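Here are my comments on the model you sent over. Have the coordinates open while you read, and follow along point by point.

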Amino acid sequence: MYNLREAWIKMLGQLPYEQWDGRMYCQETDAAITFLTNKTQGFMAAYTFTLVIEGWLTIVYNGQELTLLPDDLYIYSPGLEVTVLAASENYRGICLLADEHITIESPTVHDLVNIAYAPIVQLHEPKISLPHDDARRMEEKMREIIGYLHSDHIYKTKILQMLYAVFLLDVQNAQANVICQRKVSQRVEEIFFNFIRLLPQHFAEHHDIAFYASALNISSVYLSRVVRQVTGRTVIDYINQHLLMEASYLLRTTSLSITEIADRLHFADTPSFSKFFSRKKGVTPKDYRK
């Protein structure tokens, strides 16, 4: 999938500024910029938080149509398919993006993964309708991040990490006010979140449930039960989803041969990969690339 730096170039043609490290970015958005995200959504390995300031935005999230209004905070987690359908001419928002591969190693990753997947766990929409005063405070924090991103402060990286951590705590607090009752126990929820944290790092090499269960010090049967209880899906569904997205990304954006892609994703051979892709996507890898 595109990392944040690659996705930015794909959408806007250039980096926001020369020395940008690709770790995090925050900016004001309008309708034109928002429609550009359709080029990378579903293929972007980044978490995004969009706060609507003015106007409205309609998206399709995981097959569900969703309208975002002023003071709504929308949360996107990597790999979910999202399409921007429509936006009002006066639409304005602020969007904070954090690269998945970099963020996964940071102290804030626990909070981030919990926030991003809470709507899935709690069967809730991936948006929070904030009280107006809370929305303004969140907007102020996002604007402060924008300020430091473009500063030459010698401690910029550390300050941005702290501001990001505070922002995530505010989002968790807002979610807690919306989601009043747990659907599953805290133990089950934590196992699911830990599985989701492992998946982006290992899905290309490990396609089997046993690897993830062993890493979590539980049995394969128990991990399967947890993921099924939380989401109604299987562990293999999640692994296959990541494999399919990465395969689609490599076919679209690289000149790697189909055999090389099969090798990179650790399929037994090229026919096995082609059969997998055709079954999931409805077209052969060769036809998809065309």
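1. Ground rules. This is a predicted model, in which local features need pLDDT of at least 70 and side-chain atom pairs count only at pLDDT 80 or more, while totals for chains, interfaces and linings use all residues. Numbering starts from 1 along each chain as its sequence is written, and side-chain values use heavy atoms, with hydrogens and water left out.

2. Helices (H or I, at least four residues) and strands (E, at least two) are DSSP runs, numbered from the N terminus. In helix H1, residues 4–12, the buried residues are Leu4, Ala7, Trp8 and Met11. Buried here means under 20% relative accessible area, with exposed being over 50% and partly exposed in between (1.4 Å probe, protein chains only). These four sit on the same side of H1, because they cover an arc of only 100 degrees around the axis; that arc is taken from the directions from the helix axis to the C-beta atoms. An α-helix has 3.6 residues a turn, so residues three or four places apart point the same way.

3. What H1 packs against. The buried residues of H1 pack against strand E1 (24–30), helix H2 (31–36), strand E2 (46–54) and strand E7 (92–99). Contact means heavy atoms within 4.5 Å.

4. The ends of H1. Just after H1 comes Gly13, with a positive phi of about 85 degrees.

5. Strand E5. Five of the five residues of E5 (residues 72–76) are buried, so the strand is largely enclosed by the rest of the structure. Both faces are covered, with Asp72, Tyr74 and Tyr76 on one side and Leu73 and Ile75 on the other. E5 runs antiparallel to E2, joined by four bridges, and Phe49 has Ile75 as its bridge partner. E5 also runs antiparallel to strand E8 (residues 127–129), through three bridges, and there Leu73 stands opposite Ile128. Two strands pair if DSSP finds at least two bridges between them.

6. Asp72. Take a look at this one in E5: Asp72 is buried, with a relative accessible area of 4%. Its side chain reaches the backbone nitrogen of Leu69 at 2.8 Å. Leaving aside neighbours within four places in sequence, Asp72 is in contact with residues including Thr50, Val52, Thr67 and Ile128.

7. Strand E7. Seven of the eight residues of E7 are buried. E7 pairs with E1 in the antiparallel sense over seven bridges, and Arg92 is the bridge partner of Asp30. With E2, the antiparallel pairing of E7 runs over eight bridges, and Tyr47 stands opposite Ala98.

How values were computed
Polar contact = N/O pair within 3.5 Å; in protein donor to acceptor, adjacent residues only side chain to side chain.
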